[in-house]
Amino acid sequence: MINEALTPKPNMTPAPHRAFYRAVSKQRWSVTQKRELSFWKQCDAFKARQTFSNLYYLSRLKPVFADKPTNISILEIGSGPVCVSQHIEAEQYTYVDPLFDDYRRLYPGVLPEEAVYKTAMAEVVVLPESSFDAVICLNTLSDVHNPELVLNKARQVLKPDGVFVVSIDVWPSW
């Protein structure tokens with residue numbers, strides 16, 4: 001016997017995802033955000049990270065997008081002030097980072113002008129479902145409050161034939 005209450009109905013919206021795994025503590029997340037901001041306050045941090053991103057990330061991203069049309073929409077989660085995806089030809093860019101207000105104070109006029117900015121944690125940012133052709137998440141999952149919810153948010157906002165690019169840099173312990 002099939003329980004009709006548990007059987008999905010056509011056009012039924014699935015329930016929002018709840019994390020199976022526990023998030024890192026809010027204190028640890030707060031420490032990580034302070035450490036991130038401290039890094040960006042260093043006098044040469046922006047130029048150094050921009051150079052690294054152009055050499056390392058773009059050389060890996062450009063082949064992924066080489067055969068894509070230029071009218072795509074890109075979401076970059078945890079972009080920092082560098083916003084690597086701005087160097088990929090697209091029609092729309094959306095950037096999500098909880099520290100955008102700080103980045104604007106530290107680096108006035110540096111953020112790309114033709115973009116949408118969401119100053120929020122990626123786990124809770126409000127974005128339309130199936131609205132992005134590409135989601136890019138570079139060196140971010142280790143700094144979020146709940147990586148599982150971020151991955152599920154990426155899946156939720158990505159179009160069915162979209163591209164998800166994720167990179168996790170591994171560094172020695174702090």
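A salt bridge here is a side-chain nitrogen of Lys or Arg within 4 Å of a carboxyl oxygen of Asp or Glu. With that cut-off I looked up Lys-159 and found its side chain paired with that of Asp-133, at 3.2 Å from N to O. Lys-159 sits in strand β5 and Asp-133 in strand β4, so the pair ties together parts 26 residues apart in sequence.

**Ground rules**

I am reading a predicted model, where local features need pLDDT of at least 70, side-chain atom pairs count only at pLDDT 80 or more, and totals for chains, interfaces and linings use all residues. I count residues from 1 along each chain as its sequence is written, and side-chain values use heavy atoms, with hydrogens and water left out.

**Overview**

I listed the elements. Helices (H or I, at least four residues) and strands (E, at least two) are DSSP runs, numbered from the N terminus. I get 4 helices and 5 strands. Their order from the N terminus is α-α-β-β-α-β-β-α-β.

Next came burial. I call a residue buried under 20% relative accessible area, exposed over 50% and partly exposed in between (1.4 Å probe, protein chains only). Of the 174 residues, 40% are buried. Lys-159, from the first entry, is partly exposed at 27%.

I also checked contacts, meaning heavy atoms within 4.5 Å. Among contacts with a separation of 6 or more, 65% link residues 24 or more positions apart.

**The sheet**

I traced the strand order. Two strands pair if DSSP finds at least two bridges between them. The 5 strands form an open sheet, ordered β3-β2-β1-β4-β5, and the pairing is parallel. β3 (116-118) and β5 stand at the edges with a single partner strand each, so one side of each has no neighbour in the sheet. Neighbouring strands are turned by 15° against each other on average, direction ignored.

I then looked at β1 and β4. They run parallel and are joined by 4 bridges. Which residue of β4 is the bridge partner of Leu-75? It is Val-135.

**Helix α4 on the sheet**

α4 packs on the sheet and touches β1, β4 and β5; its direction makes about 145° with that of β5. For such angles, axes are lines fitted to C-alpha atoms (for helices, over the stretch in contact), and values run from 0 to 180 degrees between N-to-C directions.

Which residues of α4 (147-157) are buried? I noted Glu-148, Val-150, Asn-152, Lys-153, Ala-154 and Val-157. These buried residues pack against β1 (73-77), β4 (132-138) and β5 (158-167).

I checked the start of α4 too. There a side-chain oxygen of Asn-146 comes within 3.1 Å of the backbone nitrogen of Glu-148.

**Back to the salt bridges**

How many salt bridges does a search of the whole structure find? It finds 3.

I turned to helix α3 (residues 100-106). Arg-104 forms a salt bridge with Asp-101, with the closest N and O atoms 3.5 Å apart. The two are 3 residues apart in α3, which is about one helical turn. Arg-104 is partly exposed at 37% relative accessibility. Asp-101 is partly exposed as well, at 40%.

Arg-105 forms a salt bridge with Asp-102, and here the closest N and O atoms are 2.7 Å apart. This pair is also 3 residues apart in α3, about one helical turn. Arg-105 counts as exposed, at 60% relative accessibility.

My note on the spacing: an α-helix has 3.6 residues a turn, so residues three or four places apart point the same way.

How values were computed. A polar contact is a pair of N or O atoms within 3.5 Å; within protein, one must be able to donate a hydrogen and the other to accept it, and residues adjacent in sequence count only if both atoms are side-chain atoms.
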